[in-house]
Amino acid sequence: MTPVTPTTHRLPRNAAPTPVHTEFLSASDAAHLVARVGVVACLRQMVQALEADFARWNDFDKTARTAAHSAHGVIELMPVADAHDYAFKYVNGHPVNTQHGLPTVMAFGALADVATGAPRFVSELTLTTALRTAATSAMVARRLARPDSRCMALIGNGAQSEFQALAFLDLLGVRTLRLFDVDPAASAKLQRNLAPWLDQYGAKAVTVDSVQAAVQGADIVTTVTADKRNAVVLDARALAPGMHLNAVGGDCPGKTELAAEVLRRSSVFVEYEPQTRREGELQQMPADFAVTEFWRVLTGQAPGRVSPAQITLFDSVGFALEDYSALRTMQALGRQAGLLSAIELVPTLADPKDLFALLHPAAGVGHPVLHKVA
């Protein structure tokens, strides 16, 4: 990232102060936006943004996310930047939250101008993260799964499951879903929510009573469980030639879903290797275990699937570049739909060196006004 050299200047006398306009997309407006545009249409646009951004991987200043772990979960900050934009996401993962009426994952984030540091866009990212995770899964599977893949096992039927299912129905041509969750109510919820789309795509979803029943004959296996522990949701006995594994749930230290033998028998692809080795299924493997960063497949620098019998594995932990793609997609869609608000996140100063002037009675400090962006 090219450093910006600050300049020192004085404002001309009687110059108008420069306001900072920050656009805002609330949780409720994000839901209205996705409902209006359509879940599938949003997924398609997000995949386009992801492919464009992964294709210019080397333009970005990248770092693994920072995390604060506790007994019940984790809180993370995820930054990324290129020469023009800085993006970050705040996100948690607390499986115990459902016992308190809270989502397991909650998130928000921002886009800022690298040249000035001014925040341009602030958004909810809870719903958006579900969309971008599913879009990333589909983007990768389109290069790694067999083109004739039509059956997917979906293990873990919680908050992410509908988005994963729709992405694979629309973008991969999956027509049979085999659903398994340790909580039957989660699978029933997924069946209800998917019903209109199953009719639309001529697809079917079958709830089964075990992981083994779900993966039997599946071309694609998606695991998206939430427990923060080293679990073995899938072992090597489940593998079959030509299978593509989409491992989404293992995304922090001490949280995995796959037996180590599954990785040893697969060609493993990752987002950002330094982060995945610490947080993904890779944390079980030695430091010299070979993996391929997916951007290299997308740009033709490394092969993806090389044979119909190859077993491919996407060790998905979520990377900040995906949130940048998602933020810019939601900002553009929100503008088009007139659903962005303007918030006074940064003060407007007559003299940018006189912050204290905000406290003068004449400054007329009052409550910020929230209004829609024209």
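Is Cys 252 buried or exposed? At a relative accessibility of 2%, Cys 252 counts as buried, where buried means under 20% relative accessible area, exposed means over 50%, and partly exposed covers what lies in between (1.4 Å probe, protein chains only). The structure is a predicted model, in which local features need pLDDT of at least 70 and side-chain atom pairs count only at pLDDT 80 or more, while totals for chains, interfaces and linings use all residues. Residues are numbered from 1 along each chain as its sequence is written, and side-chain values use heavy atoms, with hydrogens and water left out.

The chain contains 10 helices and 19 strands; helices (H or I, at least four residues) and strands (E, at least two) are DSSP runs numbered from the N terminus. Its radius of gyration is 22 Å, close to the 21 Å that the globule rule gives for 374 residues, so the chain is as compact as a globular protein of that length. That radius is taken over C-alpha atoms, and the rule is 2.2 Å times the number of residues to the power 0.38. Along the principal axes, the C-alpha atoms fill a box of roughly 75 × 45 × 40 Å.

Of the 374 residues, 52% count as buried. A contact means heavy atoms within 4.5 Å, and among contacts between residues at least 6 apart in sequence, 73% join residues at least 24 apart. The chain exposes about 17400 Å², of which carbon and sulfur atoms supply 57%; these areas come from the Shrake-Rupley method with a 1.4 Å probe, and for residues only the protein chains shown count as cover. As for charge, the mean positions of the 33 positive and 36 negative charges are 3 Å apart. Here Lys and Arg count as positive and Asp and Glu as negative, leaving out His and the chain ends, and each charge is placed at NZ of Lys, CZ of Arg, CG of Asp or CD of Glu.

Turning to the cysteines, Cys 151 is also buried, at 9% relative accessibility. The structure holds zero disulfides, a disulfide being a pair of cysteine sulfur atoms within 2.5 Å.

Among the helices, H4 (residues 161-171) is mostly covered, with 11 of its 11 residues buried. These include the charged-type residues Glu 162 and Asp 170, along with Phe 163 and Phe 168. After H4 comes Gly 173, which has a positive phi near 80°.

Helix H10 (residues 320-337) carries Leu 333, which is buried with a relative accessible area of 4%. Not counting residues up to four places away in sequence, Leu 333 touches Leu 33, Val 37, Cys 42 and Gln 45. By C-alpha atoms, Leu 333 is separated by 23 Å from Gly 117, which lies 216 residues away along the chain.

Two further residues have higher accessibility values. Ala 55 sits in the loop between helix H2 (39-54) and strand E2 (61-62) and is partly exposed at 44%. Leaving aside neighbours within four places in sequence, Ala 55 is in contact with Leu 298 and Thr 299; Leu 298 is 243 residues away in sequence, yet 6.4 Å away C-alpha to C-alpha. Gln 212, in helix H6 (residues 211-215), is exposed, with a relative accessible area of 52%.
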